[in-house]
Amino acid sequence: MIPHTASHSRPRVSPGKGLYVAGVLAVILAVHCGITFASGGSRTDVVLPVALVIALALTVMAVTRFTLFVIVVLTVRAALDATKLAGGATDGGEQTGWSLLDPSTMLGVLFLLSCVAWLIVQGRRPAGERPHPALPVAAVTFLGASLLSLLGSRAPAVSVGEVSRIAAFVVMIFVVERLLADEPGMRMPLLCAVFTSAVLPVLVTAYQITTGDGLMDLDGLMRPTGTFWHPNALGMFCFMLLIMGLALAWHVRGWARVALVVFVTGLGSALLATAARGPWIACLAGLVVVGLLQDRRVIYGLVVVAGGVVATVPSVLQRFSDLASSYTAGGLEANSLVWRFDHWIAALGLLPGNPVTGLGLGTTRLILFKEVHNDYLRALVETGAVGLLAYLGLLAALFDTARRALRATDPRRGAPEVSLSRGTAVGFAGCVVAFSVSAMADNIMTAVVVMWYLAVFAGLAQRIVVAGKETP
């Protein structure tokens, strides 16, 4: 049974016994992995047993210590795409297929089921303690539209996997807000978990750049992927955390500020290395919002940094120089933007198949062998007119939540000028703008990690609105 967070009679496990069991399991798994690698075993033979044991441990944690379970999940999720086992369709090297054997999928299913059970146990709250309904209603409506698209899906099994990802995003918003309502002190641990999740992706990116191992060849350009399957996914992850980190850095002191500066520097370096133009542009848009809302020096610093990067890293200009040409002499697209336009026309041609509820999430890549690279168009083609309206409603609700959080933390209305809540509100506003920009040319809806962390920030912002006043 999932315990209520307010309960004082939670199950207790002897620390000594727990450590002993964990140690034995760790030794067994280490021996298993060593023997399997030495005997030339497959990736599945190594990863799957480890994933099953960890899933069992997390299940016990979800039942006995749900708050800790959420913290652990947020901390490790960004590293799990590197353990993906499914083949599936590919998108420029990005494996987009999913399987219940994937550790990331197993964790997603476990998280979804555990969170739904936990929310049911918590029960309803008095009207005055609930968040503003705009975002919850919009999120549930978009999930409903995604479920509706299953009716006409050309690949129901694939669509079910995509819908489960949307469901996890929606549930994360509810869980974070409710956790903060029951335990206000959880805000800092949640933020720490999110930023700690960036350590491994940034370190892996640095390793790939310095050694050349693990780089992905895309049109002759070697690009790092970090712990993800594609440089664009790494770029989207980096800009989401970078924007929030920079916004929060203005509102913390001491070692916390030093840590955030280190995180922002590492994320910015990794983002630059991805050579992903879409995430670059989205990040710039989000940082400009942070500068406008918080301190104009952010914009001035952004200009200086951008100028320095352009002057010292010629490859940055080269990534934009090919935009001047449309097609090569052989009639091929000269750059990814022209390719996107042609691909969008092809994707739009699928709409007549089911214009109301769509072809089902995830089906476009099975038909055209590529992701849509535009989430607005993807919503239209794969979930129909109903889904597009629901998606636009979700974006509008995210913007509305950001607006309300900014009003609740506005120093001109009596709120403290320096507070973690103000930094969170500003950072969330920047993230929402960056998200909406990225959705114009990327597949951010399928970037599960990015969606999860955006949901965390949305839950934090919702709680700020409910609180109505700020605590420094």
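Q: How many salt bridges does a search of the whole structure find?

A: Side chains of opposite charge can pair when their charged atoms come close. A salt bridge is taken here as a side-chain nitrogen of Lys or Arg within 4 Å of a carboxyl oxygen of Asp or Glu, and the search finds 12 of them. This is a predicted model, in which local features need pLDDT of at least 70 and side-chain atom pairs count only at pLDDT 80 or more, while totals for chains, interfaces and linings use all residues. Residues are numbered from 1 along each chain as its sequence is written, and side-chain values use heavy atoms, with hydrogens and water left out.

Q: Which parts does the salt bridge between Arg 125 and Glu 177 tie together?

A: The two side chains meet at 2.8 Å, N to O. Arg 125 lies in the loop between helix H4 (103-122) and H5, and Glu 177 in helix H6, so the pair ties together parts that are 52 residues apart in sequence; helices are DSSP runs of H or I, at least four residues long, numbered from the N terminus.

Q: Are Arg 125 and Glu 177 buried or exposed?

A: Buried means under 20% relative accessible area, exposed over 50%, and partly exposed in between, with a 1.4 Å probe and protein chains only. Both Arg 125 and Glu 177 are buried.

Q: Which residues are linked with Glu 162 in a network of salt bridges?

A: The network joins Glu 162 with Arg 165, Arg 365, Glu 371, Arg 378 and Glu 382. Within it, the closest N and O atoms of Arg 365 and Glu 162 are 3.0 Å apart, and this pair links helix H15 (residues 364-368) to helix H6, 203 residues apart. For Arg 378 and Glu 162 the closest N and O atoms are 3.2 Å apart, and here helix H16 (residues 375-408) is linked to helix H6, 216 residues apart.

Q: Which residues of the largest nonpolar core touch the most other members?

A: A nonpolar core is a set of buried Ala, Val, Leu, Ile, Met, Phe, Trp, Tyr and Cys residues joined through side-chain atoms within 4.5 Å. The largest has 116 residues, of which Phe 69, Phe 237, Phe 239, Met 240, Phe 428 and Phe 457 touch the most other members. Helix H9 (residues 231-249) gives the most to this core, with 15 residues. Apart from it lies another core, of nine residues, including Trp 344 and Leu 377.

Q: Why does Leu 151 count as exposed?

A: Leu 151 counts as exposed because its relative accessibility is 72%; its place is in the loop between helix H5 (134-148) and helix H6 (156-182).

Key:
Helix = DSSP H or I, 4+ residues; strand = E, 2+ residues; numbered from the N terminus.
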